[in-house]
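Let's take a walk through this model together. Keep the viewer open and click along as the names come up.

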Amino acid sequence: MTIQIEQARRLAAQSKRPVFFTGAGMSADSGIPTFRDALTGLWARYDPTELATGDAFARDPKLVWSFYEYRRDIVRRCAPNAGHRAIAAFERDGKQVAVVTQNVDGFHQLTGSSQVLCLHGNIMENRCHHGCAGVFPAIAAADPGGPVPPICQGCGRRSIRPNVVWFGETLDEDILLRAASAVHECDLMVVVGTSGVVYPAAGLADLALRIGKPFVEINPEPTSWSEKATLYLRGRASEIVPQILGDGEH
Ligand code: OAD
């Protein structure tokens, strides 16, 4: 075991209130494509302005809907990996863990993490964006030939959209505030698998550095935080996270 992994293990063991700030790299080993990795990233293959904005949905709802159905199918075929499981097990071991995630796959919740702040929503849900503002599970191919946008089962309007944050939209203020206060109160910030280029989410890691929290970053590629991190661990989430937290298989 390298010295750095050993140091990270010690920081994790000593912490009482760690925050895990996760991005697409957290689920990459589950088989879910990231956004910005060259060749395999979604935004390397598709134009986000055509697929992930409110304007795009208004212009071509069928195209946007099919992109989200495609991504939902991927999530349905994948499962959380050893990294998600290790974070959930760390909480079961008695740590007061907060997970702040940019991911929309719901994998942290699936493995049993109880405090998960989803900054960018949940792709496995739809919501009504007029009338009733209801949130509904996105059932597999509920009505493949049905109208798009689908009809809201709450208020009967054609007002259903994926429950995710699109480019140009603001994040839920309450979730962002709770995430910032988790960072303020934490005694260890672990940043896993994010390029750190999307704000305001990335500002939470900036905040942790600015207020001097012990900061561990796990990513196969360095980011703008890596040189400032207390420890930068170069590697994959599914391998490094269990190495520093334990694999939870006890
Ligand atoms: P990105 O695709 O921008 O970055 C993914 C990061 O994961 C990169 O830094 C990779 O080096 C790293 N990575 C790749 N494989 C990994 C692995 N096996 N283990 C650990 N890390 C790995 O994804 P995000 O930073 O999450 O927003 O992107 C932020 C936001 O941009 C997303 O939430 C999404 C997107 O547009 C919305 O949907 C609003």
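The protein splits into domain 1 (1-31 + 80-120 + 170-250) and domain 2 (33-77 + 125-164). Before going on, keep in mind that this is a predicted model. Taken over C-alpha atoms, the centres of domain 1 and domain 2 sit 27 Å apart.

How do the two domains meet? On the domain 1 side, 11 residues are in contact with nine residues of domain 2. The size of an interface is often given as the accessible area lost when the parts come together. Here that area is about 650 Å², with carbon and sulfur atoms giving 70% of it. In domain 1, Ala24, Gly31 and Val104 lose the most area to domain 2, and together they make up 42% of what that side buries.

Now go to the start of the chain. Helix H1 covers residues 3-14, so 12 residues in the helix, and it reaches 17 Å from its first C-alpha to its last. That is close to the 16 Å expected at 1.5 Å a residue. Which residues of H1 are buried? They are Ile5, Ala8 and Ala12. These three cover an arc of only 60° around the axis, which puts them on the same side of H1. The spacing makes sense in general terms: an α-helix has 3.6 residues a turn, so residues three or four places apart point the same way. Turn to the face of H1 that points away from the buried side and you find the exposed residues Ile3, Ala13 and Gln14.

What does the buried side of H1 pack against? Its partners are helix H7 (82-92), strand S7 (188-192), strand S8 (215-218), strand S9 (231-233) and helix H11 (237-245).

At 12% relative accessibility, leucine 245 counts as buried, the cut-off being under 20%. Leucine 245 and alanine 8 are 237 residues apart in sequence, yet their C-alpha atoms are 8.7 Å apart in space. Leaving out residues up to four places away in sequence, leucine 245 touches Ala12, Phe20, Ala86, Ile87 and Phe90. Ala12, you'll recall, is one of the buried residues of H1.

Next, the charged pairs. Side chains of opposite charge can pair when their charged atoms come close. How many salt bridges are there by this rule? The count comes to six. Two of them can be looked up in helix H6. One joins the side chains of glutamate 69 and arginine 72, at 3.0 Å from N to O. Both residues lie in helix H6 (residues 61-77), three residues apart, about one turn of the helix. Glutamate 69 and arginine 72 are both buried.

The other pairs arginine 76 with aspartate 73, with the closest N and O atoms 3.0 Å apart. Arginine 76 and aspartate 73 are also three residues apart in helix H6, so about one helical turn separates them. Are these two buried or partly exposed? Arginine 76 is partly exposed, at a relative accessible area of 30%, and aspartate 73 is partly exposed too, at 37%.

A further salt bridge joins arginine 234 to glutamate 221, with the closest N and O atoms 3.8 Å apart. This pair links distant parts of the chain, 13 residues apart: arginine 234 is in the loop between S9 and H11, and glutamate 221 in the loop between S8 and S9. Arginine 234 is exposed, with a relative accessible area of 55%, while glutamate 221 is partly exposed at 44%.

Most residues other than glycine have a negative phi, and most peptide bonds are trans. Where does this model depart from that? Tyrosine 199 and proline 200 are joined by a cis peptide bond, with omega about 10°. Proline 200 is found in the loop between S7 and helix H10 (203-210). Leucine 39 has a positive phi, near 70°, in a residue other than glycine. Leucine 39 sits in the loop between helix H2 (25-28) and helix H3 (42-45) and is exposed, with a relative accessible area of 74%. Alanine 133 has a positive phi as well, about 60°, and lies in the loop between strand S4 (121-128) and strand S5 (135-137).

Methods
Residues numbered from 1 in each chain as written. Predicted model: local features only at pLDDT ≥ 70, side-chain atom pairs only at ≥ 80, totals over all residues. Heavy atoms only, no water. Helix = DSSP H or I, 4+ residues; strand = E, 2+ residues; numbered from the N terminus. Expected span 1.5 Å × (residues − 1). Buried < 20%, exposed > 50% of the residue type's maximum accessible area, 1.4 Å probe, protein only. Arc of directions from axis to C-beta. Contact = heavy atoms within 4.5 Å. Domains from an automatic or database assignment. Buried area = accessible area lost by both parts, 1.4 Å probe. Salt bridge = Lys/Arg side-chain N within 4 Å of Asp/Glu carboxyl O.
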